[in-house]
2 protein chains.
Amino acid sequence: MKAKRKRTVGQKHGDLRNELLREGLKLLDTHGIEGVTIRGVAREAGVAHSAPANHFRSKRALLTAIAAIVFADLADRIDSATAEMAHHTEQAIKAFADTCFQFAFDAPNRYHLLWQRQLIDQDDPAVAAEMDRVYAALLSVLRQDRAPHRVDIETDAIAIWSMIHGYISMRLDGNLVEAADTVTNLPRHKAILLSLIDGVYSREVPTP
Amino acid sequence: MKAKRKRTVGQKHGDLRNELLREGLKLLDTHGIEGVTIRGVAREAGVAHSAPANHFRSKRALLTAIAAIVFADLADRIDSATAEMAHHTEQAIKAFADTCFQFAFDAPNRYHLLWQRQLIDQDDPAVAAEMDRVYAALLSVLRQDRAPHRVDIETDAIAIWSMIHGYISMRLDGNLVEAADTVTNLPRHKAILLSLIDGVYSREVPTP
DNA sequence: CGAGCTTATGGACACCGTCCATTTCAGAGG
DNA sequence: CCTCTGAAATGGACGGTGTCCATAAGCTCG
């Protein structure tokens with residue numbers, strides 16, 4: 001019966017893989033994406049510089065594994081936030097957007113990592129699964145309590161996600177906005193964006 | 001009178017600085033942002049690995065100079081595209097958005113570089129000036145032919161830019177969209193986005 | 001107990017950005 | 001004309017990185 005048993009955790013170090021991931025998240029938060037390095041996480045974990053190679057075949061694989069954790073966290077938050085609003089579509093959309101805002105502004109480095117195709121493998125099964133959970137949550141919110149005269153749900157999802165992600169990116173990267181603006185006007189901007197999303201949700205079908 | 005004269009161009013190499021920038025743009029297009037390296041541009045230009053140090057104090061300075069060129073190109077395109085529509089606000093907004101789409105999908109690496117705060121110095125005078133030109137073009141478009149019952153122009157600008165930049169980022173990074181979708185549906189998505197922008201432009205004032 | 005596999009180690013290599021001393025050379029001033 | 005100066009280019013060095021390699025250590029199971 002132990003034939004298919006999971007590998008025993010207690011090798012030399014015990015649980016180095018997760019230890020490396022934890023240190024990677026710490027470095028990500030404190031020193032940015034550029035601060036996450038194979039030798040760095042090894043150093044923080046107190047092992048040789050080449051030890052991580054046994055758990056991650058490349059730096060890309062390490063960052064991908066970290067991104068999967070971050071994605072799962074985001075998906076969890078979105079799920080629980082929208083679940084409370086399951087029967088109120090408009091509130092659920094707001095909850096979805098607000099969860100994204102909160103997450104991105106609380107941990108900008110984590111949010112950034114998720115979309116860096118150059119650095120992570122978005123086709124990785126774990127990453128793709130968690131990304132699908134986020135997308136599925138948005139679709140699920142849009143699916144319920146739906147007016148009959150709308151365009152298809154995917155189109156609404158693309159539009160809403162464009163606005164949410166675009167505003168977050170603009171704020172995190174400082175695009176086209178004065179620096180003074182970025183701190184003081186966050187609540188106002190959030191309200192505007194949410195009203196915009198309302199507009200998307202209740203607009204007519206565009207002429208094709 | 002020659003005391004304040006500009007430095008003669010014909011030093012040893014003649015025009016190494018611009019040569020390095022040209023090679024940098026080539027590497028950016030062909031090998032992505034990660035492919036642009038000080039030693040790389042020096043190699044392509046046929047000079048010593050430390051020669052660029054005389055013209056760019058750091059890699060950040062090199063990438064910033066490249067970004068300034070790219071920004072200027074984008075601003076030029078936007079200016080000429082919107083100038084033709086100077087008396088038709090709705091068409092001008094579409095022209096602005098379409099120019100951004102075209103630019104980003106034609107040269108994704110260049111577009112990406114513009115917003116990488118980690119890599120370039122957005123407070124650099126040249127970069128900031130060109131970024132302001134883009135923002136000014138959007139504001140100028142919104143300023144003319146304006147209905148009286150709107151929110152302030154900056155708010156509209158933020159909303160419109162969020163959608164344009166968000167949609168581009170989503171497409172370039174493959175966010176939440178199936179790969180098959182990304183190629184086939186571009187014209188459709190563009191139409192949808194433009195109709196969304198119309199919605200922003202003609203919406204009512206949100207409750208503050 | 002010993003075989004075998006996984007894991008950890010330390011060294012090596014090729015890059016990279018940056019700093020440094022040195023050399024080269026165009027142009028200014030005597 | 002000739003020297004002098006200072007910017008530009010060179011080559012070497014250092015520390016850091018990702019990746020590969022041979023080796024050693026430790027656990028599991030036959």
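Predicted model: local features only at pLDDT ≥ 70, side-chain atom pairs only at ≥ 80, totals over all residues.
A few conventions first. Residues are numbered from 1 along each chain as its sequence is written, and chains are lettered from A, with ligands numbered from 1, in the order in which they are written. Local features need pLDDT of at least 70, side-chain atom pairs count only at pLDDT 80 or more, totals for chains, interfaces and linings use all residues, and side-chain values use heavy atoms, leaving out hydrogens and water.

Let us start with the fold of chain A. Its secondary structure comes to nine helices and zero strands, where helices (H or I, at least four residues) and strands (E, at least two) are DSSP runs numbered from the N terminus. Of the 208 residues in chain A, 50% are buried, meaning under 20% relative accessible area, with exposed over 50% and partly exposed in between (1.4 Å probe, protein chains only). Among contacts in chain A with a separation of 6 or more, 67% join residues 24 or more positions apart; contact means heavy atoms within 4.5 Å.

| Item | Value |
|---|---|
| Residues from chain A | 38 residues |
| Residues from chain B | 40 residues |
| Area buried between chain A and chain B | about 3400 Å² |

Buried area is the accessible area (1.4 Å probe) that two parts lose on being put together, summed over both. Of the area between the chains, 63% is on carbon and sulfur atoms. Ile158(A), Leu176(A) and Leu196(A) supply 19% of what chain A buries against chain B, more than any other three residues. On the side of chain A that touches chain B, α6 (125-143), α7 (153-173) and α9 (186-201) each supply at least two residues, and α7(A) gives the most, with 13 residues.

Gln116(B) lies in the loop between α5 (108-114) and α6 (125-143) of chain B and is buried, with a relative accessible area of 18%. Not counting residues up to four places away in sequence, Gln116(B) touches Gln116(A) and Ile33(B).
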